[in-house]
Each structure stands twice: as C-alpha cells, then as structure tokens.
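Take a look at the sequence and the 3D structure below. This short report covers a core and a site.

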Amino acid sequence: MPNPTVAYFYDPDVGNFHYGPGHPMKPQRITLTHSLVLHYGLHDKMKVYRPYQATERDMCRFHSDDYIQFLSSVSPQNVQEYTKFLSVYNVGEDCPVFDGLFDFCKMYTGASLEGAVKLNNNQCDIAVNWSGGLHHAKKYEASGFCYVNDIVIAILELLKYHPRVLYIDIDIHHGDGVQEAFYLTDRVMCVSFHKYGQLFFPGTGDMYEVGAESGRYYSVNVPLLTGIDDASYMQIFKPIISNVMEYYKPTAVVLQCGADSLGSDRLGCFNLSIKGHGECVEYVKSFNLPLLVLGGGGYTKRNVARCWTYETAVLLDEQISNELPFNEYWKYFGPDFSLNPEIFTKQDNQNTRQYLDNIKVTVLENLKMLAAAPSVQMQDIPSDLLSLENTEEPDPDVRNSVEDIDKRIEPSNEFYDGDKDNDKENEGFLDV
Ligand SMILES: [Zn+2]
C-alpha cells in the first residue's frame with residue numbers, strides 16, 4: 001500500500017496527567033513523542049485529530065457499570081470515602097488515584113475508539129494512538145497501570161464490520177486483559193510476545209494458554225526469556241505472524257507497540273533496539289490490512305518518544321534523519337541527540353536458538369489446528385459505538401420506522417451487552 005492514509009490521534013492535554021511521584025508510568029512521554037513527530041514534519045503527511053473522549057457508556061461495553069462508576073467518582077480529595085473499594089477494584093498502588101484520572105481514561109480510550117470508527121468507515125488505512133494500548137485493564141478492575149481497556153473497546157467496534165480481528169502485542173508484558181476478554185471466541189486472535197517466568201508481571205501467557213471453547217487455538221502466546229535481541233526476536237516474530245496471517249486471514253489488525261521491550265527500559269529486561277522494534281511494525285504493516293496502532297508500556301521516556309516517532313515514520317513510509325530535530329525537550333535526548341542511540345545491554349540474551357525453535361514449532365502446530373478461517377454471517381450493522389454519533393436527538397414527533405429500530409438492535413450472540421450479557425459472568429470473558 002504505497003502512501004497509506006494515516007490518521008493520528010493526539011490530545012494536547014494527555015501528557016499533563018501524573019500518576020504520582022516516583023511512579024514509572026509517565027504520560028509526558030506522549031508529549032515528547034508528539035514534539036518529535038512535529039519537529040520531523042511528520043504531521044504534514046497524515047491527518048491529525050484531537051480525539052473524541054469516550055463516555056461511560058462506551059467504556060461499559062466491556063467494563064462493569066459499578067467499576068466505571070467508581071473510576072468516574074473517585075479522586076485524591078474524596079479517596080477516604082472509597083477505601084473499602086480500592087482493593088475491590090485493585091486501585092491504590094500500581095494503579096493510583098490521581099487528579100484527572102477519569103479524564104485521562106476518556107482521552108486515551110476515545111482516541112482508540114475513534115481510530116476504530118475511522119478504519120470501519122474507510123476514512124484511513126492506518127490509525128495511530130500512542131496514548132492507548134493499556135492492555136492489562138480487566139472487566140472489573142484496574143491492573144498494571146491500566147484502568148480502562150481501550151484495546152478491547154476498539155476491537156469491539158471493529159467487530160461490527162470485521163469478521164476476524166487480529167491483535168498483536170509486542171509490549172514486554174503479556175497482553176492479559178485483551179486475551180481474557182476474547183478467550184472464548186474465534187472472532188479475535190490474540191498473539192502476544194512477552195517475557196515469561198521468574199514471576200514477571202502479570203504471570204500469565206505461557207505457551208499452553210491457547211484459548212477455550214470456540215476460542216480454542218485463537219490465543220497465541222510466545223513466552224520469551226530475558227535479554228532477547230533484534231535477531232532472536234525476528235527469528236520468531238516473522239514466521240509466527242506470517243503463519244497467523246495465512247491461517248487466520250484477519251480482516252483488520254490491532255498492534256500494541258509497548259516500548260518497554262526496548263533495551264535500557266526502566267522496568268523491562270529485553271534488548272530490542274528502536275530499529276528492531278520498528279521492524280515488527282513495518283512487517284505487520286506490509287500485510288496491507290486496516291491497522292490500528294497503539295502505544296502501551298515504556299518507562300524510559302526519551303526512548304519511548306524516539307521509538308514511537310520512528311514507528312510513525314515507518315507507517316508513513318517516510319525516511320527520517322538519525323539526527324534529532326531541535327525541540328523544546330532537547331535536554332532529554334543528550335548526549336547523542338540521535339533517533340537510534342546505541343542501546344546498552346543490561347542483560348545477556350538467554351533465548352537460545354533451540355529454545356526459540358521449540359516455541360515456534362509448538363505455536364505453528366497449534367495454528368494448524370485451526371479449522372478453515374471462520375466465516376461470520378454479518379447481520380445488520382449496529383450504529384457506531386461512539387456516543388458522538390448518537391448525540392443528535394431524534395425528533396420526538398417523528399416515529400422511528402421499524403427498520404430504524406431494527407438497525408439499532410445488536411444481535412445478542414455477537415455483542416457484549418452490559419448487564420444482560422450472556423458471557424461467563426464472573427470471569428470477564430466476552431462472548432462475541
Ligand atoms: Zn508493559
């Protein structure tokens with residue numbers, strides 16, 4: 001796809017939220033990324049949008065009403081009144097209550113959701129939201145710095161038009177929240193490459209987690225060891241993704257680009273370079289499918305900004321100089337002031353060729369177990385998920401035709417439906 005149309009979502013306020021002193025998650029990395037994107041002139045090559053903000057209704061397509069009600073009400077000022085709920089919703093330490101928490105959730109979730117809507121409407125080939133990708137959030141609780149799972153909500157939107165959505169996760173942590181949501185369905189395939197073992201967070205994602213019921217073999221996990229470098233990562237990433245494409249035949253792809261898999265990350269222990277991380281993005285892009293690109297983890301913010309800027313250029317097929325353009329955050333990028341600095345190896349690569357080959361053989365055998373790509377009978381397309389689309393109040397004097405009403409009814413077997421859902425009520429699985 002030469003010169004794809006890229007839609008890029010950025011809210012100038014998103015970098016101003018603070019998780020609290022000493023917390024490794026720093027939303028400011030999004031501001032740094034955007035500054036580099038602007039100073040490289042990449043904004044001229046794409047459509048830049050200030051995103052829609054998700055509503056509680058949008059969030060409750062996945063999350064429980066009581067959890068979202070809690071997130072929208074709690075604040076540092078009134079947190080004493082909520083102490084008994086903090087442990088229920090896993091809020092407090094890793095996922096602190098900070099000023100503007102719910103506004104932050106609305107912004108990053110709205111951007112992913114609007115990206116999905118624009119892909120569905122063919123208004124772009126690729127949608128980018130570096131503030132999204134919060135893959136650990138669960139139906140009923142926060143987890144791993146994530147509160148609202150923008151990925152699940154965006155995928156639900158894509159499923160209105162797409163029979164099969166492929167989710168790929170290159171964050172160093174397992175994409176557990178997304179996998180759990182779609183564990184029982186064949187309409188979403190979740191493929192996660194992550195560090196596994198030695199109690200590394202979140203502790204799930206071994207090779208034998210393959211999905212269940214209709215979703216059996218539609219969860220693909222690639223557990224990796226400390227210190228993986230570009231060459232080893234490519235040895236396993238490319239053959240698995242090419243086989244997934246061949247066997248699953250997705251009609252849309254969501255790529256979570258967590259940058260904590262880079263070398264020198266404050267929390268991570270892999271050794272990918274920015275070029276190596278970007279090569280994954282380039283490879284996924286080469287399949288020319290509608291693509292939603294999201295951020296995720298990444299705790300050495302100067303490298304996160306470099307990485308996501310480079311990947312923005314990759315998505316645009318633009319070459320950019322290794323010499324960083326002067327920008328207001330210049331001091332962060334010394335002493336080299338380059339886009340691809342040498343990444344210092346903290347850890348030896350423990351992934352032997354044989355270890356990786358064994359994983360590859362198991363994963364490829366599981367893929368062969370897939371029946372022919374499932375085909376979903378698409379019914380009437382429900383209205384877009386964005387409340388934005390529904391803000392026009394219908395004229396009360398005009399009665400809806402039966403046809404109009406039918407269009408708004410979502411088939412109960414395809415879409416998760418608030419309290420009346422027919423999924424495994426206490427497990428957070430979606431039945432799609
Ligand atoms: Zn992570």
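The model is predicted.

**The core**

The largest nonpolar core has 117 residues. I155, Y167, M189, V254, L255 and V293 have the most contacts inside it. Helix α5, residues 101–120, gives the most to this core, with 10 residues.

Leaving aside neighbours within four places in sequence, V254 is in contact with I151, A154, I155, V165, Y167, L292 and L294.

**The annotated site**

An unreviewed UniProt entry lists D171, H173 and D260 under "binding site". These residues are spread over 90 residues of sequence. Still, they cluster in space, with a largest C-alpha distance of 8.2 Å.

Where do H173 and D260 sit? H173 lies in the loop between β4 (165–169) and α7 (176–181). D260 is in the loop between β7 (252–256) and α9 (274–285).

Are H173 and D260 buried or exposed? The cut-off for buried is 20 or more C-beta neighbours within 10 Å. H173 counts as buried because it has 27 inside 10 Å. D260 counts as buried because it has 25 inside 10 Å.

| Residue | C-beta neighbours inside 10 Å |
|---|---|
| H173 | 27 neighbours, buried |
| D260 | 25 neighbours, buried |

Now the contacts, not counting residues up to four places away in sequence. H173 touches G144, H194, F201, P202, G258 and G297. D260 is in contact with D171, I172, D265, L267, G268, G297, G298 and Y299. Among these, D171 is itself listed in the UniProt entry.

Technical notes. Residues numbered from 1 in each chain as written. Predicted model: local features only at pLDDT ≥ 70, side-chain atom pairs only at ≥ 80, totals over all residues. Core = buried A, V, L, I, M, F, W, Y, C linked by C-beta atoms within 7 Å. Buried ≥ 20, exposed ≤ 12 C-beta atoms within 10 Å, placed from the backbone. Helix = DSSP H or I, 4+ residues; strand = E, 2+ residues; numbered from the N terminus. Contact = placed C-beta atoms within 7 Å. UniProt positions renumbered as here; feature names shortened; annotations may be inferred.
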